[in-house]
2 protein chains.
Amino acid sequence: MQGSFSLRVDSSVVSLIVQKYGGSSVADAASIKRVARRIVDTKKAGHDVVVVVSAMGDSTDELLDLAEQVSPLPPARELDMLLTAGERISMALLAMAISDLGAEARSYTGSQAGLITDSAHGAARIIDVTPGRIRSALEEGAIPIVAGFQGVAHDTKDITTLGRGGSDTTAVALAAALDASVCEIYTDVDGVFSADPRVVPAARQVPFITYEEMLELAAVGAKVLHLRCVEYARRFDMPIHVRSSFSQREGTFVMSPQAIATAIDEGRAMEQPIISGVAADVNDAKITVVGVADKPGQAAAIFKALAGAGINVDMIVQNVSAASTGRTDVTFTCPQGSATPAMKALDSQREAIGFESLRVDDQIAKVSLVGAGMRSHPGVSATFFEALADASINVEMISTSEIRISVVTRVDDAQRAVRALHTAFGLDADGEAVVYGGSGR
Amino acid sequence: MQGSFSLRVDSSVVSLIVQKYGGSSVADAASIKRVARRIVDTKKAGHDVVVVVSAMGDSTDELLDLAEQVSPLPPARELDMLLTAGERISMALLAMAISDLGAEARSYTGSQAGLITDSAHGAARIIDVTPGRIRSALEEGAIPIVAGFQGVAHDTKDITTLGRGGSDTTAVALAAALDASVCEIYTDVDGVFSADPRVVPAARQVPFITYEEMLELAAVGAKVLHLRCVEYARRFDMPIHVRSSFSQREGTFVMSPQAIATAIDEGRAMEQPIISGVAADVNDAKITVVGVADKPGQAAAIFKALAGAGINVDMIVQNVSAASTGRTDVTFTCPQGSATPAMKALDSQREAIGFESLRVDDQIAKVSLVGAGMRSHPGVSATFFEALADASINVEMISTSEIRISVVTRVDDAQRAVRALHTAFGLDADGEAVVYGGSGR
């Protein structure tokens, strides 16, 4: 793929494009017809097309409501069987709408399309993709419509779902298995932005972003693409084109640094900016373990207890020990939903760890700056902290990667922090971004 | 099966019961919970249970509405994919409700349950049943819940639906393949009645009826069981127990004459009555081909043209030729929906057949009397026509089988005819029958 990828696909060669449409793009009959037209236009332009589709609008929530009415704790296997009815409906309707436009479309369940997973119902991982039926359909000139979000377990042969962001992952996995030239992810925004346009009206759409930057952004709260789908794309070097199904504008290409460099060399892109975006995540909590004995192995005991309870710990800070007491405080962040289990896990090990008390604080935000250019441009940190200081925003914790700086602030300061950083790094655009609302799965 | 079948199943031996619940029995969460309780009670009574379930209430109509919104003429393959989402939802919910009662249930699509069909989308025929996964689930003590109405095509591997009465056929086919002791079909009436209780309030519930009688009744308009399901049961000698999911009463057993004779011998049933029931079908039309040349081969030309257009012809009458003209009239009945295509098919062959004109009449009813006892009791015909004459009902056409007499009357006379026959053959009961309304698929 690498090197041979071209943004302007050569129209003399038939290329394969995988298109994924989220729930908001197929929310009702009118939307389905609009998407069908778009798919048929792509086919008429000379491309082979494989479509991945999510369940219609709110239908997943309606199915979950039904489940709740019959059982407070439904078995995960049956919940997957139930939820996969959602894509079955949307994909059949989309195939009908395409047929109505004179093209041939055939819908396939995840199982029929060869999405083989493990048997972790509700959060299954793809372990193989065997799209024999999809290839046959393409050879016969048809447009395959594949149910997103679902697969079949390799051992039990039961129906599985992939969990959050599952349809995007289905699309990228199919694109990789079919050696597509690009995987287009249609959503209700125009692409990836330098910040959330609802927070920063002057946020710019980013034309190119590397897999690494996108992973960092996804990890720190940007909602456009799910972490797993970007990981999958990076592993197989499958370019993703994130764009809106409500407009014809080009969106954001997520691809390798080499592919972006080629695009820049060929004059199809401007110089890659130092900073790609600013994001805030308000879904974390901060837990402080107070009065830990300042001796070797105590931190290990804390994080072993947390790992045993399946808690994903993000940022960690250990205070300097007060010489008078020989004790220190250890502070870490984790998702808000994990705060209670984390407290329980630590409390059950209070004797072994040897701490005085626990403090939890969910009024925090994690504000992050992401950009591959940080590697080669010194002074980014200085600008970062100067901007926050000028805005009188207090920094409680700091963590960095090669291409990211994250800080914890009060949650009430988060939006001001994002705006201050966006301006300080020259990301503000002239016009305002457009947001359509809603979200798919 | 034959001979070993016992109505009161021996509770010291684990027997397998297949239970089928129609759409009205699983119309909402409360109904699903009620049915779940009934299934768990059967399991607790010591039986193995396999459940076949239809889509919830009106959900099939809602899916058809959606299809109509995106395409006036959706491809049959995609319509099947769409409609099978209905059972997927009901079966998963039913499995959840059963789990909630502490029993283990696992839902299976038609494909997973081994319902192998031809590829006639919308009206597929079962060509094999390979219920390996259902057997394994039973061996592990689970209750398998199977989607009715659907299967998978043996050649294309596409999802198919069985058409009208499909879920009943699924249940009987699975019961036969698993060598079940009985197939219980739960519906919204108490069983098979001697006449439609809405027409004849004194209609009696029939405790036993042979496959042959049930086939004749199904063919002449009785709606309780579909023709295909009874044909399947007769072929495999699988006893069907038609009963209400709204009460605990025993319903009607549909089985072989031998099994009924055994039940009578053992004192578990009264003498089999001569007549099982009276039915009226108001969905036929009568077409008259006027002025056909009275020479050999003309009738053949008519029915060849109709067969070529796929028209199912039912009753046929050829008038005596008028000596003066050398021409005759040929009259036949067919479903009202086939009347227009039948007229077109005949008109296109007007030259070849050589007739003067066509007359269509949809204001007719077919009134039928069914009873295996007719074979051995002379005088049934005399009583039949005397009763209609006494009620001043004009008979337009007559057709008979070994165990059935059918006549065509004016549609307005149909209900009076049914009541007159019901009384004349001593079928009136003391109390009135109970009807619950609604219908499944």
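Trainee: How many residues does the contact take from chain A and chain B?
Mentor: 27 residues from chain A and 27 residues from chain B. Two residues are in contact if their C-beta atoms, placed from the backbone, lie within 7 Å.

Trainee: Which element gives the largest share of chain A's side?
Mentor: That's α4(A), with ten residues. Helices here are DSSP runs (H or I, at least four residues), strands are E runs of at least two, and both are numbered from the N terminus.

Trainee: Is this a predicted model, or what is it?
Mentor: Predicted: local features need pLDDT of at least 70 and side-chain atom pairs count only at pLDDT 80 or more, while totals for chains, interfaces and linings use all residues. Residues are numbered from 1 along each chain as its sequence is written, with chains lettered from A and ligands numbered from 1 in the order in which they are written.

Trainee: OK, what is A:L93 in contact with?
Mentor: Leaving aside neighbours within four places in sequence, A:L93 is in contact with A:I32, B:L66, B:A67, B:V70 and B:L82.

Trainee: New topic: which residues of helix α9 in chain B are buried?
Mentor: B:A259, B:I260 and B:A263, in a helix that covers residues 257–265. Buried means 20 or more other C-beta atoms within 10 Å of the residue's own, with C-beta atoms placed from the backbone.

Trainee: Why do they line one face?
Mentor: Down the axis of α9(B), the buried residues fall within an arc of 100 degrees, so they line one face of the helix. The arc is that of the directions from the helix axis to the C-beta atoms.

Trainee: What do they pack against?
Mentor: β10 (208–210) and β12 (252–255) of chain B.

Methods: A residue is buried if 20 or more other C-beta atoms lie within 10 Å of its own, exposed if 12 or fewer, and partly exposed in between; C-beta atoms are placed from the backbone.
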